[in-house]
Structures are given as C-alpha cells and as structure tokens.
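Visitor: I'd like to learn how to read a protein model. Could you walk me through one?

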Amino acid sequence: MAKKQSEETEEFREASSEELVGKRPQELVDLYLRRSKKRETVETLKQHARDLRREMDRQGLTVRKVWLEQRSASKAHVRRLKLEGAMAAVMAGEVKTLAVWKTDRFDRRGMAAIGGALDEFDRRKARLYVLQENLDSSQPGTRIVFAILAERARDEIKDLTLRVTTGKTAARTAGRWPGGRTPYGVQSPRGSGRVEPHPAEYRHARRIADALLTGESAMAVAHVLNEEGIRTRDGALWDARTITRMVRSTAWAGLLPEKRRLHDEFDQPLDVWIPSEEPVRDTEGRPVVIGHGVVTRGSGCASWPPWSSDSPATVEAHAVNVPTPPCSAESSPARAARAP
C-alpha cells in the first residue's frame with residue numbers, strides 16, 4: 001500500500017536529501033501548481049507536474065519542491081500561501097528557478113503584480129520559467145511578453161467577473177436564488193432559481209426550529225444534535241454560533257437574501273459579498289419569496305424572526321412563521337399546542 005501511495009504522489013513529491021547532495025541553488029527548481037477551476041481534478045495537476053518535470057529534466061535541473069495551491073490568482077484580498085512560500089524560497093536563495101505551467105497560473109492581477117515579481121527575481125539573479133508560453137525571465141526581451149500575457153489574463157478575469165456579477169444581479173431582480181451555498185435544511189436544484197427542503201437535512205432543521213421556538217438555547221440544541229451523531233453538512237460538530245448563523249439566514253425562511261459588496265480603500269468593488277440578515281424586498285416593500293424554506297412567511301404557526309437582532313425564542317411579533325406543510329399530521333399536535 002505504501003508503494004501504491006508513493007506512485008500516486010510521485011508527481012508532487014519533494015526531492016530526497018540524497019538527491020540534493022552537492023546541488024547548488026542554480027541546479028535546483030521549485031514547481032508552482034495552481035488549480036484554477038473547481039472542475040479541474042488532481043489528475044490535471046499531475047499532468048502539469050509531469051510536463052514541468054520533463055522540461056526541467058531536459059534543462060538539467062532537479063525539482064526540489066512542488067507547491068500546490070487552490071486559490072484565486074486574480075483577487076487582491078486572497079493570500080496565496082503556497083505562492084508566497086515558493087517566492088520566499090527564491091528570495092532566500094534556496095533555488096534559482098521557479099517554474100509554472102502557464103502565466104495565468106502564476107498571477108492574474110496584471111502587469112504591476114507580475115512586474116514586481118520579476119524585479120525580485122532579477123535582483124537575485126533568479127528566473128521565472130513558464131512552460132506553455134516557453135518564457136524565461138532571464139532572457140532578453142521576455143519582460144514585455146510577460147506584461148502582455150499578464151494584462152490579457154487580467155482582462156479575461158474582469159470579463160468573467162462582470163458576466164457572473166451581471167447574471168447574479170439579474171437573478172436577484174427576477175426573484176431567483178442567485179447561486180452559492182444554501183443554509184442547512186434547504187437546497188436549490190441547479191437551474192431552478194428556487195429553494196426547497198433538503199431531503200436528508202430538512203427534518204433535522206425542523207427540529208432545530210421547533211426547539212428554539214420552545215425556548216431552548218442554541219448551545220443546548222447543538223449538544224443534543226452532537227449527542228445523537230447528527231452532523232453539519234460538512235460533517236462537523238454543531239455549536240451555538242453555527243446554529244445562530246443558520247437560523248438568521250433569509251434563505252432558511254424561503255426568502256431571497258440581500259448581499260452587500262465590499263470595496264477597497266480606493267472605492268473599487270471587490271469580489272467579496274457580505275450576506276445580510278435582511279431579505280430583498282419588492283417595489284411594495286414585501287420580502288421576495290424564492291421557495292419553501294425550513295420556516296416561511298405567513299402560515300399562522302409559531303413566530304420566527306430570522307433577521308431580528310433578538311433571540312428567535314423570545315420574539316413573537318415578526319411576520320415570518322412556520323409553514324403549513326411542517327404542521328402536518330405527524331407533528332402538528334405538539335406544534336399546535338405551542339402556537340400563540
């Protein structure tokens with residue numbers, strides 16, 4: 001089994017101490033691999049590693065370390081720790097070559113970002129090598145090519161961001177779920193634009209709602225769920241914070257959530273959206289309904305204030321209530337007894 005595991009990770013392995021004996025930094029190279037799309041598999045990265053190893057072997061260099069990353073190369077607020085590590089190795093003189101499969105896998109933030117990196121390489125007589133474009137930063141005339149490719153990558157990501165943002169804005173305007181992760185207990189089938197009960201989670205989410213409405217604390221509810229072996233969607237233990245955040249989600253009440261976009265210090269919009277506890281409202285001020293949540297608006301059962309600053313167990317005056325379907329024959333007597 002150990003042999004099989006070694007074979008599976010051969011492309012990403014680090015050089016052994018024996019392989020590094022007597023090697024100077026000029027004879028060593030680090031590889032930086034970035035998974036740019038979620039649909040790309042590990043096999044894609046393995047192929048990139050094989051391609052780079054083949055070329056580095058042709059150049060007579062020994063691969064010292066492979067840095068694997070799955071972070072955006074275009075968002076200024078996202079720290080890419082693996083790239084930082086790879087750059088630090090070059091800055092410290094541990095290696096003199098950093099190799100990447102394609103320019104946009106290294107950076108998509110434009111000429112200024114990649115130009116700064118090339119300046120650091122030049123100062124240390126190191127080089128950046130890009131396989132697909134066959135670019136070597138130590139060679140004359142390549143800097144302008146790096147700049148053009150970096151700006152093209154930056155424009156491509158800006159166009160993609162615009163298309164995605166426009167699509168989400170249109171979805172909100174049309175009263176549709178704009179995509180993304182739904183809270184525990186509900187799901188949104190692909191392309192439907194609606195939310196509906198999650199077949200495996202809904203009954204547990206209903207239990208959480210019922211318990212809170214009877215006055216139990218979020219901590220007590222979390223304890224019971226954990227004791228029964230019920231886990232979050234990610235397989236983690238429940239805690240009070242997770243439950244509080246979940247029940248305050250407007251999508252948990254079948255309503256379209258409002259989101260606020262963050263801006264940088266120059267008032268430029270960032271690709272960072274902060275969810276709000278307020279729902280999107282129509283022209284008449286009514287919350288926009290996008291389906292059936294764990295609790296929904298106006299059914300006449302127990303009150304529910306998912307966007308209130310008060311405790312769900314103590315507020316009775318809000319207009320978001322448990323829906324009629326959950327007040328079914330199986331559980332309606334107990335719930336009816338608690339209804340105001």
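Guide: Let's go through a few features of this structure, one at a time. Keep in mind that this is a predicted model.

Visitor: Let's begin with helices. At what angle do helix H9 and helix H10 pack, and how far apart are their axes?

Guide: Two packed helices are described by the angle between their axes and by the distance between those axes. Here, H9 covers residues 218-227 and H10 covers residues 240-247. Their packing angle is about 110 degrees, with the axes 8 Å apart. Angles of 65 to 115 degrees count as roughly perpendicular, so H9 and H10 are roughly perpendicular to each other.

Visitor: Which residues in H9 and H10 meet?

Guide: On the H9 side, look for Ala218, Met219, Val221, Ala222 and Leu225; on the H10 side, they meet Ala240, Ile243 and Thr244. Sorted by class, the contact of H9 with H10 has seven nonpolar residues, one polar and no charged ones.

Visitor: What about cores? How many residues does the largest nonpolar core have?

Guide: The general idea is that in soluble globular proteins, nonpolar side chains tend to be buried together. In this model the largest nonpolar core has 22 residues, and Ile208, Trp238, Ile243 and Trp252 have the most contacts inside it. Helix H8 (202-213), H9 and H10 each supply at least two residues of this core. H8 gives the most, with six residues.

Visitor: Which residues is isoleucine 208 in contact with, leaving aside its neighbours within four places in sequence?

Guide: With those neighbours set aside, isoleucine 208 is in contact with Val221, Leu225, Trp238, Ile243, Met246 and Val247.

Visitor: Can we look at a single helix? What should helix H3 span, at 1.5 Å a residue?

Guide: H3 runs over residues 42-58, which makes 17 residues, so it should span 24 Å; its end C-alpha atoms are 24 Å apart, which agrees. Among the buried residues of H3 are Leu45, Ala49, Leu52 and Met56, along with Lys46, Asp51, Arg53 and Glu55. Just after H3, glycine 60 takes a positive phi of about 80 degrees.

Visitor: Is histidine 48 buried or exposed?

Guide: Histidine 48 lies in helix H3. Its relative accessible area is 6%, and buried means under 20%, so histidine 48 is buried. Leaving aside neighbours within four places in sequence, histidine 48 is in contact with Leu33, Trp101 and Arg105.

Visitor: You mentioned phi. Which value does phi take in lysine 125?

Guide: As a rule, most residues other than glycine have a negative phi. Lysine 125 has a positive one, near 55 degrees. You'll find lysine 125 in the loop between helix H6 (111-123) and strand S4 (127-130), and at 75% relative accessibility it counts as exposed. Asparagine 134 also has a positive phi, near 50 degrees. Asparagine 134 sits in the loop between S4 and strand S5 (135-136), and its 57% relative accessibility makes it count as exposed.

Conventions. Residues are numbered from 1 along each chain as its sequence is written. This is a predicted model: local features need pLDDT of at least 70, side-chain atom pairs count only at pLDDT 80 or more; totals for chains, interfaces and linings use all residues. Side-chain values use heavy atoms; hydrogens and water are left out. Axes are lines fitted to C-alpha atoms, for helices over the stretch in contact, and angles run from 0 to 180 degrees between N-to-C directions. Helices (H or I, at least four residues) and strands (E, at least two) are DSSP runs, numbered from the N terminus. Angles under 35 degrees count as roughly parallel, over 145 as roughly antiparallel, 65 to 115 as roughly perpendicular and the rest as oblique. Contact means heavy atoms within 4.5 Å. Ala, Val, Leu, Ile, Met, Phe, Trp, Tyr, Cys and Pro count as nonpolar, Asp, Glu, Lys and Arg as charged, and the others, Gly among them, as polar. A nonpolar core is a set of buried Ala, Val, Leu, Ile, Met, Phe, Trp, Tyr and Cys residues joined through side-chain atoms within 4.5 Å. Buried means under 20% relative accessible area, exposed over 50%, partly exposed in between (1.4 Å probe, protein chains only). The expected span of a helix is 1.5 Å times one less than its number of residues.
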